[in-house]
Amino acid sequence: MQYADGSFADVKSISQQAMCRYWARTAGDLPFPSLDQFRPEARLHDPKQLIIWNVESSGDGHKFRALYQGASVGEVFNSSWAGKSMDEVLPPAFKEFGLAAAQQCVTSGCAIYNVFSTYNSGGHTIDCERLLLPLGRAGRVEQMVGSLQLISMAGSFNRETVIRHFEWKTDVSCAIRIYASGSRGQSSPSTSEREAHRTS
């Protein structure tokens, strides 16, 4: 999947955009903040819609292991992710671009924003907006915070069964990366990205 450079304004969700801006402010002059620095208040973004992943190095790239899973995420996927890796918990319909987005987040050191869509039984669009924010120290991504928000402007959905619609049909309509600087492509690359360039 190709990612275009974007800006905070490209994030549709008000709370996700607010959290993305908070992430950038917390980073200051660095590419991204550390997990210790990243402490958004609950009124900024509902913690029930968040996941925190630990980034582990592996021979073929990175593995992502869940440290925290919000209650709303657990309802949508009907499972507990604590201690499990992303490739273990993502349904087949999400796995390829879900893992690719996580790898993009780590190698670029950028926020990654995707919108993927399906349809309810009435033919109305259901969008899932996914934001990934890299966290770490010394230019190396050590954790990622993920936010998932479901929205349907014209219809309704059941949080506990909506995953079935995405498993039936999923279209990715947005794939962008956002630098903490807010500029398009003006931030320094992460350590992982520099290493990728050296080995390519």
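Helices (H or I, at least four residues) and strands (E, at least two) are DSSP runs that are numbered from the N terminus. The model is predicted, so that local features need pLDDT of at least 70 and side-chain atom pairs count only at pLDDT 80 or more, while totals for chains, interfaces and linings use all residues. Residues are numbered from 1 along each chain as its sequence is written, and side-chain values use heavy atoms, with hydrogens and water left out.

**Exercise 1. Place Cys-174 in the fold and list what Cys-174 touches.**

Step one is the element: Cys-174 belongs to strand E7, which covers residues 171-178. The protein chain as a whole has six helices and seven strands, and from the N terminus on they run β-α-β-β-α-α-α-β-β-β-α-β-α.

Step two is the surroundings, where contact means heavy atoms within 4.5 Å. Not counting residues up to four places away in sequence, Cys-174 touches Tyr-113, Asn-114 and Val-115.

**Exercise 2. Describe how the rings of Trp-53 and Trp-81 are arranged, and where the two residues sit.**

Begin with the rule, by which rings of Phe, Tyr and Trp (its six-membered ring) pair if their centres lie within 6.5 Å, with planes under 30 degrees apart counted as stacked, over 60 as edge-to-face and the rest as tilted. By this rule the count comes to three aromatic pairs. The rings of Trp-53 and Trp-81 have centres 5.6 Å apart and planes at 35°, so this pair is tilted. The pair links distant parts of the chain, 28 residues apart, since Trp-53 is in strand E2 (residues 50-58) and Trp-81 in the loop between helix H2 (71-77) and helix H3 (86-89).

Next, consider burial, for which buried means under 20% relative accessible area, exposed over 50% and partly exposed in between (1.4 Å probe, protein chains only). Both Trp-53 and Trp-81 are buried, and of the 200 residues of the protein chain, 48% count as buried.

Finally, leaving aside neighbours within four places in sequence, the contacts of Trp-53 include Phe-64, Leu-67, Trp-81, Met-86 and Met-144.

**Exercise 3. Work out which kinds of residue make up the lining of the largest pocket.**

First, the residues that line this pocket include Leu-35, Phe-38, Arg-39, Glu-41, His-45 and Tyr-68. Then sort the lining, counting Ala, Val, Leu, Ile, Met, Phe, Trp, Tyr, Cys and Pro as nonpolar, Asp, Glu, Lys and Arg as charged, and the others, Gly among them, as polar.

Conventions:
1 Å grid on protein atoms, 1.4 Å probe; cavity = no way out; pocket = protein on both sides within 12 Å on 5 of 7 lines; lining within 4 Å.
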